[in-house]
Amino acid sequence: MTDKARISAGRKPLQWHQLLPFASDSGVRAAGIILCTMGAQISSLAVGTMSVFALIKWTFLVLAILGTISSTIFLILALVGALHYLRARRSDEGAQVSLLPPVSVLKPVHGLEPALRENIESFFLQDYPDYEILVAAAEENDAALEVVREVCARYPRVPSRVLVTGEPPWPNPPAYAFHRMTAISQHEILVTSDSDVYVAPNYLREVVAPLLDKKNGLVTCLYRGKNIGGFWSALDAIGMSVEMTAGVLVANLLEGMKFALGPTIAVRKDALEKIGGYPAVGDYFSNDFAIGNFVARAGYHVILSRHVIDHVVPHMTFRRMWERQVRWAKGTRYSRPKGHVGTGLIFAMPYGILGFVSAALLGFPRLGMAMLGAALLNRLLECWIVGWKVVRDPQARKAAWLYPVRDIFGFLVWCASYLSRRTVWRDSRYQLLEGGRIVLRESGAKK
């Protein structure tokens, strides 16, 4: 026998777990026990000897595993989408635009909201050469108008006008307000914004610049939730900063922007006219989604701006926050029905909890702990990368634990969005129709 043959004969066969440098003997034995137990249970299922209760537990475990896989895939897509967005934003930051066109800022108001004065004032402090501000309310006695007029008087250098539109004849009141303000606007570029939005001085410069390219018909912005309330408001705000943003980043990565986000929409009048103006979206619940979708269908590019704005979240009770979240979820359900079904697969914590419970009941506590830990890590990573690195929400860094809680709540909201077709918006009741349209059932003005 040669020396080489002697050495070969003296070697022991290599075991599979020896190929894994960090695998311990106890870990290998635990994995073997789990696999054997699972095999036995599956065999009993095949021959029909498994109890109904055991079948339910196994069904829940399989569902939890599939949900863990799908939420992990979504996390990866969100992280890639965040990297794609940040790279595009850095490449745009070097571009200097010297000739900026005049702009009309359109802002509907409804009631005396917290921080309304600061929000309105931020639009009068823009570092922009030429713009006007138009504000509309449905009624002359709207409490918001007193604040608006006071702010307008404080900044006479910025042309501004206040319009009272009367009771809107369309199901969507903001769309009607935008329509009325557009009719008296002076400029060819419109920037629409909600009353609960606060912006930085460079806001107009950054959202208007892409519209200098005639191929771009509309620009919209990401936003972070700015909590000025308590715990329930914090859950609402962190959902804006992370859950909403992650969905937008993934959509932008996979198919480009085919919709708009209501807190800010900058649109050219020629693109707006091509889709039929605001009357075309007057009976849509999510008119922001609809206008962006229609502009994209008309052949224009919809651009996701590098600018991020603050969406102010006031103090909320649980009920108010729940109703608002369910209302928004129902709007998505009818605007993007297929995408909304898929949303049920992106949550991590519900599947982690389900996996923890079902695995423990089946005798696999370590597997359950691993699934729960993976879900928690998933949400913390998404919160930090999307909420802090992308939209710079300080709560995403200081109170990241909020997002796993919000993830559980978001799943319950998603489930509740399928329970009825009706919703309450402001003081009115609506019924949602297929395609995203709404029918007014009871107006608050008539109560």
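**Ground rules.** I worked with a predicted model, in which local features need pLDDT of at least 70 and side-chain atom pairs count only at pLDDT 80 or more, while totals for chains, interfaces and linings use all residues. I number residues from 1 along each chain as its sequence is written, and side-chain values use heavy atoms, with hydrogens and water left out.

**Overview.** I looked up the secondary structure and found 16 helices and 11 strands in the protein; helices (H or I, at least four residues) and strands (E, at least two) are DSSP runs, numbered from the N terminus. Of the 447 residues, 49% count as buried, where buried means under 20% relative accessible area, exposed over 50% and partly exposed in between, with a 1.4 Å probe and protein chains only. For contacts, taken as heavy atoms within 4.5 Å, I noted that residues 24 or more positions apart account for 78% of those with a separation of 6 or more.

**Cores.** I then turned to the nonpolar cores, each a set of buried Ala, Val, Leu, Ile, Met, Phe, Trp, Tyr and Cys residues joined through side-chain atoms within 4.5 Å. The largest one has 107 residues, of which Val103, Leu204, Leu222 and Ile291 touch the most other members. Its largest share, 11 residues, is supplied by helix H8 (residues 231-255). Apart from this core lies another of seven residues, among them Trp58, Leu61, Phe364 and Met371. Leaving out residues up to four places away in sequence, I listed Val103, Val105, Gln126, Tyr128, Tyr131 and Val191 as touched by Leu204.

**Ile238.** This residue is found in helix H8, and I record Ile238 as buried because its relative accessibility is 1%. Beyond four places in sequence, Ile238 touches Glu243, Cys383, Asp393, Gln395, Ala396, Leu402, Tyr403 and Arg406. I also noted that the C-alpha atoms of Ile238 and Ala400 are separated by 8.9 Å, although the two residues are 162 residues apart along the chain.

**H11 against H16.** Helix H11 (residues 318-335) packs on helix H16 (residues 402-416) at an angle of about 60°, with the axes 9 Å apart. Axes here are lines fitted to C-alpha atoms, for helices over the stretch in contact, and angles run from 0 to 180 degrees between N-to-C directions. That angle makes H11 oblique to H16, since under 35 degrees counts as roughly parallel, over 145 as roughly antiparallel, 65 to 115 as roughly perpendicular and the rest as oblique. On the H11 side I found Phe318, Met321, Trp322, Gln325, Val326, Ala329 and Lys330, and on the H16 side Arg406, Phe409, Leu412, Val413 and Ala416. By class, the contact of H11 with H16 has nine nonpolar, one polar and two charged residues; Ala, Val, Leu, Ile, Met, Phe, Trp, Tyr, Cys and Pro count as nonpolar, Asp, Glu, Lys and Arg as charged, and the others, Gly among them, as polar.

**H14 against H16.** The axes of helix H14 (residues 365-390) and H16 come within 8 Å and cross at roughly 110°, so I describe H14 and H16 as roughly perpendicular to each other. Leu376, Arg379, Leu380, Glu382 and Cys383 of H14 meet Tyr403, Pro404 and Asp407 of H16, which divide into five nonpolar, no polar and three charged residues.

**Arg366.** Arg366 also lies in helix H14 and, at 59% relative accessibility, counts as exposed. Its C-alpha atom and that of Phe356, 10 residues apart along the chain, are separated by 8.7 Å.
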